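I wanted to look up a few local features in this structure and note down how each was decided. The entries below follow the order in which I checked them.

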Amino acid sequence: MSVVSPSDDMDDPYEIDQFHAARDRITSHILKTPLLLSLPFSHEFSCNVYLKLESEQTTNSFKLRGATNKLHLLYTERKEELERDGIIAASTGNHALACAHACSNLGLKVTCYTSTAIAAVKVNNLKQYPNMTLVKHCAEPVGAENHARHLEKSEGRILVGPYNDMDVVRGQGTIGCEILEQLADVDMIVVPVGGGG
């Protein structure tokens, strides 16, 4: 299990202002996705249930939010290094697409380490990005991620991880800001959690 560790210089890494700042930073680079009333779920649960359709995001996933936020922050701090070397990432698809898209917008290269079991549809989608180099590293996704982390430490490469990074978390958390803009009277937000991103 991965645990997000805030840096020492932050009083509260979950401060709402940080999420609003991320929202301001990425707004012109992402789509504001629809929040639609689901009649079947509303009927089943006897209340109004809305679905936030991140599947309609440019890369068909919320991951674009986190990658875009992280990359724009990095670009202001390490522009020369990014333009020279690009970034590395580890992903079996959605984060790779997000990094490829966000890097493409900034004119940067990305090398993504992935599992040999990556879905063919993800590989085909990644081929749309000429700035993307995909390296099938091993059978298990965690092995690809460990390799990328090793390169970050041993070669000083800039790694943009899919989770466990507060800048990525804040970018992805902008979904909450949008939900409250689209539907101010919210009682509960249910978030399915998979790999941690």
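Tyrosine 50 lies in strand 2, residues 50-52, where strands (E, at least two residues) and helices (H or I, at least four) are DSSP runs numbered from the N terminus.

I noted that this is a predicted model, in which local features need pLDDT of at least 70 and side-chain atom pairs count only at pLDDT 80 or more, while totals for chains, interfaces and linings use all residues. Residues are numbered from 1 along each chain as its sequence is written, and side-chain values use heavy atoms, with hydrogens and water left out.

I then looked up the surroundings of tyrosine 50 and found that Leu37, Leu39 and Tyr50 form a nonpolar patch on the surface, with about 290 Å² of accessible area together. Patches are made of residues with over 30% relative accessible area and no salt bridge, with like charges joined within 9 Å and nonpolar side chains (Val, Leu, Ile, Met, Phe, Trp, Tyr) within 5 Å. The areas come from the Shrake-Rupley method with a 1.4 Å probe, and for residues only the protein chains shown count as cover.

I found 3 strands forming an open sheet in the order 3-4-5, with parallel pairing, where two strands pair if DSSP finds at least two bridges between them. The edge strands are strand 3 and strand 5 (132-138), each of which pairs on one side only. Neighbouring strands of this sheet are turned by 25° against each other on average, direction ignored; the axes are lines fitted to C-alpha atoms, for helices over the stretch in contact, and angles run from 0 to 180 degrees between N-to-C directions.

Strand 3 is joined to strand 4 (residues 110-115) by 4 bridges, and the two run parallel; here isoleucine 88 has threonine 111 in strand 4 as its bridge partner. Between strand 3 and strand 4 the chain passes through helix 4 (residues 94-106), and this β-α-β crossover is right-handed, meaning that, with the strands pointing away from the viewer, the path from the first strand over the helix to the second runs clockwise.

In a regular strand the side chains alternate between the two faces of the sheet. I checked strand 3 (residues 87-90) and found both faces covered, with Ile87 and Ala89 on one side and Ile88 and Ala90 on the other, all buried.

Most residues other than glycine have a negative phi. Serine 46, although not a glycine, has a positive phi of about 55°; serine 46 is found in the loop between helix 2 (39-45) and strand 2 and is exposed, with a relative accessible area of 67%. Asparagine 60 has a positive phi of about 65°, sits in the loop between strand 2 and helix 3 (63-85), and is exposed at 52% relative accessible area.

My last entries concern salt bridges, each defined as a side-chain nitrogen of Lys or Arg within 4 Å of a carboxyl oxygen of Asp or Glu. By this rule the count comes to 12. Lysine 32 and glutamate 181 meet in one of them (3.4 Å, N to O). Lysine 32 lies in the loop between helix 1 (16-26) and strand 1 (35-37) and glutamate 181 in helix 7 (residues 166-182), so the pair ties together parts that are 149 residues apart in sequence.

Arginine 65 forms a salt bridge with glutamate 178, the closest N and O atoms being 3.0 Å apart. This pair links arginine 65 in helix 3 with glutamate 178 in helix 7, 113 residues apart. Arginine 65 is buried, with a relative accessible area of 0%, and glutamate 178 also counts as buried at 0%. I noted finally that Arg23, Lys32, Lys52, Glu54, Arg65, Glu178 and Glu181 are linked in a network of salt bridges.

Conventions:
Buried < 20%, exposed > 50% of the residue type's maximum accessible area, 1.4 Å probe, protein only.
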